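Colleague: I am new to this structure and would like to learn how to read its features one at a time. Could you show me the model and take me through it slowly?

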Amino acid sequence: MFDSFTLRALPPEDEALREPLRALIAERVAAQPIDRRARSWMGFDADLSRALGAAGYLGLTLPKRYGGQERGAYARFVVSEELLSVGAPVAAHWIADRQSAQLILHFGTEAQRQDYLPRICRGEIYFCIGMSEPGSGSDLASVRTRAEPVEGGGWRLNGQKIWTTFAHHDDYMIALVRTSGISADRHQGLSQLIIDLKTPGVTVRPIVDLTGDAHFTEVFFEDVHLPPDALIGEEGAGWAQVTAELAFERSGPERIYSSIVLLDAWIAHIRAHRPDDEASLALAGRLTAELAVLRAMSLAVTARLAEGESPVIEASLVKDIGTGFEQSIPALIADDLGRHPDQPVAPELVRALAFATQIAPSYSLRGGTREILRGIIARGLGLR
Ligand SMILES: Cc1cc2nc3c(=O)[nH]c(=O)nc-3n(C[C@H](O)[C@H](O)[C@H](O)COP(=O)(O)OP(=O)(O)OC[C@H]3O[C@@H](n4cnc5c(N)ncnc54)[C@H](O)[C@@H]3O)c2cc1C
């Protein structure tokens, strides 16, 4: 399977996206303190998302007729890399741009495409993903939230979702729900619905995480009435749609850059205070080398996507190794700083380290746990 990771270079026309984007984010992001930038895809900034939309950096791969840029997966790689490297607060548009837009493009009706996609491209509307439920995380096929068809058209929705990132700030949820049968039917009878989160009967409660922030939420549905066009794709085909959606989620470069602002700030620290410290230089070299290899692997996955393939196993491999890498950074940096207890460290760097240490365990949970990814890889290798 290693043959499928071939070295690729980014096309010059996509590399050219970097300079103007850097100018835009230099103004709005680069001057912010390190500990704020370390939050990056946990940072919600609708103004920035609208500015990115206005400048044509959202919906890069969508057709022009829906407000997109009709560019390829490489363009999205470059833009994601630039935003995450500087620690731009991307949470507002991130899920809509990465997943929901692709889902609507591939499975939505023409009316749904015309309604949602241009607004996503302008950075005006934000989506969340309603897959997990209490008791249904890895075992997603067991979801129990249920939408019953109602007389005269539409659906009546009851149930609960959990760990829904940013539902308290977003406009819409795309939820995986049961529209027929029972939980034991597993992959049969599941559908995806677009839910306007302002609909009566929807209650969103933020959950405070280890960092003290409320990134995710629990969402309750009590006799929520949804119109017939809330259904996205085919009734009962939700499982196949969700599987395709998760491939978009796992294949991006974002799975290696979550601790990058911290890494950068620490390298600046050792450069300024102890440029001859061999142990620190060796660690910086090791982490940079690992990052370079992971970036090359992520780019190889992007190349496969650009060629119209669906590299599910390779994307799982990059996510598993990539999240392990980004998870290791805070502890390694803490050890390095701890070896020099008398050396002053900028409070911003200490705060960024504290944040990354607390948030890092979630890297290998969000988007599918390590064990589940390894199951996919093992199956791909013919081992199970
Ligand atoms: C920061 C963050 C953001 C999230 N955002 C969202 C979101 O926006 N929308 C959403 O729907 N969900 C979201 N999630 C939920 C996430 O997708 C689930 O937490 C994840 O899928 C695991 O499900 P679970 O928590 O129910 O754990 P469980 O599935 O109960 O797993 C518990 C442990 O058992 C292991 N395990 C489970 N089944 C197997 C198996 N078959 N073989 C081997 N090991 C197994 C798991 O790997 C894990 O280690 C988010 C989670 C986090 C941490």
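Colleague: Before we go on, what should I keep in mind about the model itself?

Modeller: This is a predicted model, in which local features need pLDDT of at least 70 and side-chain atom pairs count only at pLDDT 80 or more, while totals for chains, interfaces and linings use all residues. Residues are numbered from 1 along each chain as its sequence is written, and side-chain values use heavy atoms, with hydrogens and water left out.

Colleague: Which strand pairs with strand 7 over six bridges?

Modeller: That is strand 6 (residues 202-207), which pairs with strand 7 in the antiparallel sense; Val202, for instance, has Phe221 in strand 7 as its bridge partner.

Colleague: How many bridges join strand 2 to strand 3?

Modeller: Four bridges join strand 2 (residues 146-149) to strand 3 (residues 155-165), and the two run antiparallel, with Leu157 in strand 3 as the bridge partner of Ala147. The two strands form a hairpin with five residues between them, and Gly152 in the turn has a positive phi of about 90 degrees.

Colleague: How many salt bridges does the structure hold?

Modeller: Side chains of opposite charge can pair when their charged atoms come close. A salt bridge is counted when a side-chain nitrogen of Lys or Arg lies within 4 Å of a carboxyl oxygen of Asp or Glu, and the structure holds 30 of them. One of these joins Asp97 and Arg76, at 3.8 Å from N to O, and this pair links distant parts of the chain, with Asp97 in helix 6 (residues 91-107) and Arg76 in helix 5 (residues 73-86), 21 residues apart.

Colleague: Are Asp97 and Arg76 buried or exposed?

Modeller: A residue is buried under 20% relative accessible area, exposed over 50% and partly exposed in between (1.4 Å probe, protein chains only). Asp97 counts as buried because its relative accessibility is 12%, and Arg76 counts as buried because its value is 16%. In another salt bridge, Asp115 meets Arg119 at 2.9 Å from N to O; both lie in helix 7 (residues 110-121), four residues apart, about one turn of the helix, and Asp115 is partly exposed at 37%.

Colleague: Which residues come nearest to the ligand?

Modeller: A residue is near a molecule if one of its heavy atoms lies within 4 Å of it. Of the 15 residues around the ligand, Ser132, Ser138, Trp163, Thr369 and Glu371 come nearest, and the largest share of the shell, three residues, comes from strand 3.

Colleague: Which atoms lie 2.6 Å from an oxygen atom of the ligand?

Modeller: An N or O atom in the side chain of Ser138 lies 2.6 Å from a ligand oxygen, and an N or O atom in the side chain of Thr369 is also 2.6 Å from a ligand oxygen.

Methods: Pairing = 2+ DSSP bridges. Polar contact = N/O pair within 3.5 Å; in protein donor to acceptor, adjacent residues only side chain to side chain.
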